[in-house]
Amino acid sequence: MSELAITGFSASYGSFRAVADVGLTIAARAVTAFIGPSGCGKSTLLRSINRLHETVPGATVSGTVTLGGEDLYGRAVDPVEVRRRVGMVFQRPNPFPGLSIRDNVLAGVKLRRHRLAKAAADNLVEVSLRAANLWDEVKDRLGKSGTSLSGGQQQRLCIARAIAVEPAVLLMDEPCSALDPLSTLAIEDLMASLRQDYTVVIVTHNMQQAARISDATAFFSTDGPRQPGRLIEYGPTTTIFSRPAEQATADYIAGRFG
Amino acid sequence: MSTQAPAPDQMSLSTSALLPTPAAAPDQTSAPAFAFAQVAMSASSHVPAHAAASPGGRVFPALTGARPAWRRRFANRFAAIVAAAGCLAALIPLGFLLAAVVSRGAARFDLAFITQTMRGVIGAGGGALHAIVGTVFITAATICFSVPLGLAAAIYLVEYGRGKLARTVTFLVDVMTGIPSIVAGLFAYALLSLLLGPGVRSGLAGALALSLLMTPVVIRASEEMLRLVPDDLREAACALGVGKHRVITQVILPTALSGLVSAVMLGVARIVGETAPLLLVAGFTDSMNLNLADGRMATLPVYIYSQWQNKGLDAAAYDNRAWTAALLLIGFVLILNLLARLAGRLFAPGAKRHARAS
Ligand SMILES: Nc1ncnc2c1ncn2[C@@H]1O[C@H](COP(=O)(O)OP(=O)(O)OP(=O)(O)O)[C@@H](O)[C@H]1O
Ligand SMILES: [Mg+2]
């Protein structure tokens, strides 16, 4: 029901085509990893799924993305509504400075002008922070600034913030690349539990991470610099990592390029 | 290229290999694990080789005696002295100015000066209450015109402006920043003459002329401040499914608030001492006028000018009043600045945190 289907999809920055002709179906309630060398358009594709790509001046897309059968790029579709269904966690933890931990979690709800009773807000904060495996670490200091947390905690706070608005899909663009191994582990654990409720798409440069946490893997690559990124191979993670069909995939996974 | 560049990536790869792997079944990773070991090994064998090559391959000069250290030290000293001298040179005239204004303004710095007008005063006595009130009124009206307009333009330029229109607006704003104040005054005068007949003077017309001078300063300065708000925050809010106008009013403006307050202060500083346009369109009067929309309205700069220009028999009394008015004007700007700083600090996001830290 919250399956993502991408067909014939291309994305450009002005006249530069960053992603060309991608088609894949991302299963609901599973973790799908996007891997590939730097500049092959993983972030661009990810940002197209929640229509954040088009906020870049001059950016355009073609093709379709559907979520549970609904066209996200349909004529009557409000991109803001799409972003409510498709949450995103960025590479660098970006809690709102000056907002407390509690207010950061509630930011999405409050910014949309939804009124919340205190009890409901308290409950939402706890549920979201628990879902992000952060509750025990911050429950005594919910009033402290979100930026006073460590990098790994901030990233989990950002995940809690994304979860608090109850999206169907959670996009994560290299969520662990700014984190130490222990925080990375905490987030990987978290993703294993998130897959029960969300369709998770994660971009990662860490092959082992992709192998550990994802159910399916999509490998992207380009023919060279300033060439559009293409989907080279897509399948169950076990297959991609043990018996890839394409030589390029095998080479990339083995660390021979990229 | 990236096989050698992201060393940290590969490092974390090899360290995380030591950690337990919770979500991975053994059969799932057996094949790639071999590949990882290769990557990790190539990384670890690569780094020491590189590190060993550097000291061997390059010859470094001895740390002492090789270069004349006194020359660099002399150059440093010299640069520091020049910079300090420049700073002093800029401060000296300012110091003299302040000293002169304070010492000469002290003579009439009394209660009468700020409670009385010049109505019916010839020679000594009198005060500048009407001019103080006029300056406060006209400045407030100017702020009311310029701040919403300037902020709106800055928000347009930073958050919405694309392409030709934005470039045109930026260009026009730059041109407007350079408008001589007398031209602004003449514009307001001409406009009012056309609308209401010739020779009409009012505080509001003065505020209109001053807005012409203040708005571009507010636009430029707030534009800078809004650009300082990191894109991370915009994207974070946007990705939560918040509409653009809510992102601007709830995230960007609060984040930039203290900077925006300084931007407004820059604009106020630009206009508060303006004399020429006010002389032209707000005129001068000896008595109190509390109606911005009608009749001549005195202001401190015009008061200073007219006291000095139209000395009566007791010339010293006129001079003293001019000096005291100058002192008050400087004090007015100072107080506005302090208030703005206070406001900026109170409303800035993270204000509570800073307060606790300090
Ligand atoms: N804002 C932008 N304007 C113009 N070109 C861009 C922009 N962002 C990305 N690109 C280009 O689009 C291509 C794909 O970029 P993208 O960020 O999607 O790559 P990526 O696969 O996420 O790389 P990485 O692994 O380094 O994050 C690159 O060639 C990049 O130079
Ligand atoms: Mg990227």
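Reader: Let's start with the ligand: how far is a backbone N or O atom of Gly39(A) from an oxygen atom of ligand 1?

Author: A polar contact is a pair of N or O atoms within 3.5 Å; within protein, one must be able to donate a hydrogen and the other to accept it, and residues adjacent in sequence count only if both atoms are side-chain atoms. Here, the backbone atom of Gly39(A) and the ligand oxygen are 2.9 Å apart. Ser38(A) contributes through its side chain, with an N or O atom 2.5 Å from an oxygen of ligand 1. From Cys40(A), a polar backbone atom lies 3.2 Å from a ligand oxygen. The protein buries 65% of the 630 Å² that ligand 1 exposes when taken alone, with areas from the Shrake-Rupley method and a 1.4 Å probe, where for residues only the protein chains shown count as cover.

Reader: Before going on, what kind of model is this, and how are things numbered?

Author: This is a predicted model, in which local features need pLDDT of at least 70 and side-chain atom pairs count only at pLDDT 80 or more, while totals for chains, interfaces and linings use all residues. Residues are numbered from 1 along each chain as its sequence is written, chains are lettered from A and ligands numbered from 1 in the order in which they are written, and side-chain values use heavy atoms, leaving out hydrogens and water.

Reader: How many residues surround ligand 1, and which elements supply them?

Author: A residue is near a molecule or strand if one of its heavy atoms lies within 4 Å of it. Around ligand 1 there are 14 residues, and the closest are Ser38(A), Lys42(A), Ser43(A), Thr44(A) and His205(A). Helices (H or I, at least four residues) and strands (E, at least two) are DSSP runs, numbered from the N terminus. In chain A, β2 (16-26) and α1 (42-49) each supply at least two residues of the shell, and α1(A) gives the most, with three. By class the shell has five nonpolar, six polar and three charged residues; Ala, Val, Leu, Ile, Met, Phe, Trp, Tyr, Cys and Pro count as nonpolar, Asp, Glu, Lys and Arg as charged, and the others, Gly among them, as polar.

Reader: Is α1(A) mostly covered or mostly open?

Author: Buried means under 20% relative accessible area, exposed over 50%, and partly exposed in between (1.4 Å probe, protein chains only). By that rule, seven of the eight residues of α1(A) are buried, including Lys42(A), Thr44(A) and Arg47(A). After the helix comes Arg51(A), with a positive phi near 60°.

Reader: How should I read a nonpolar core, and how many residues has the largest one?

Author: The general idea is that in soluble globular proteins, nonpolar side chains tend to be buried together. A nonpolar core is a set of buried Ala, Val, Leu, Ile, Met, Phe, Trp, Tyr and Cys residues joined through side-chain atoms within 4.5 Å. The largest has 65 residues, and those with the most contacts inside it include Phe96(A), Met172(A) and Leu226(B). Helix α10 (residues 244-272) of chain B gives the most to this core, with seven residues. A second, separate core of 33 residues includes Ala131(B), Leu210(B), Ile271(B) and Leu300(B).

Reader: What does Met172(A) touch?

Author: Contact means heavy atoms within 4.5 Å. Beyond its neighbours within four places in sequence, Met172(A) is in contact with residues including Leu46(A), Val89(A), Ile159(A) and Met191(A).

Reader: Now chain B: how many helices and strands are there?

Author: Chain B has 14 helices and zero strands. Of its 358 residues, 37% count as buried. Among its contacts with a separation of 6 or more, 75% are between residues 24 or more positions apart.

Reader: Is Gly150(B) buried or exposed, and what does it touch?

Author: Gly150(B) sits in helix α5 (residues 129-160) of chain B and is buried, because its relative accessible area is 0%. Leaving out residues up to four places away in sequence, Gly150(B) touches Thr215(B), Val218(B) and Ile219(B). Its C-alpha atom is 9.9 Å from that of Ala263(B), 113 residues apart along the chain.

Reader: And where is Arg162(B)?

Author: Arg162(B) lies in the loop between α5 and α6 (163-177) of chain B. With 43% relative accessibility, Arg162(B) counts as partly exposed. Aside from neighbours within four places in sequence, Arg162(B) contacts Pro57(A) and Tyr156(B).
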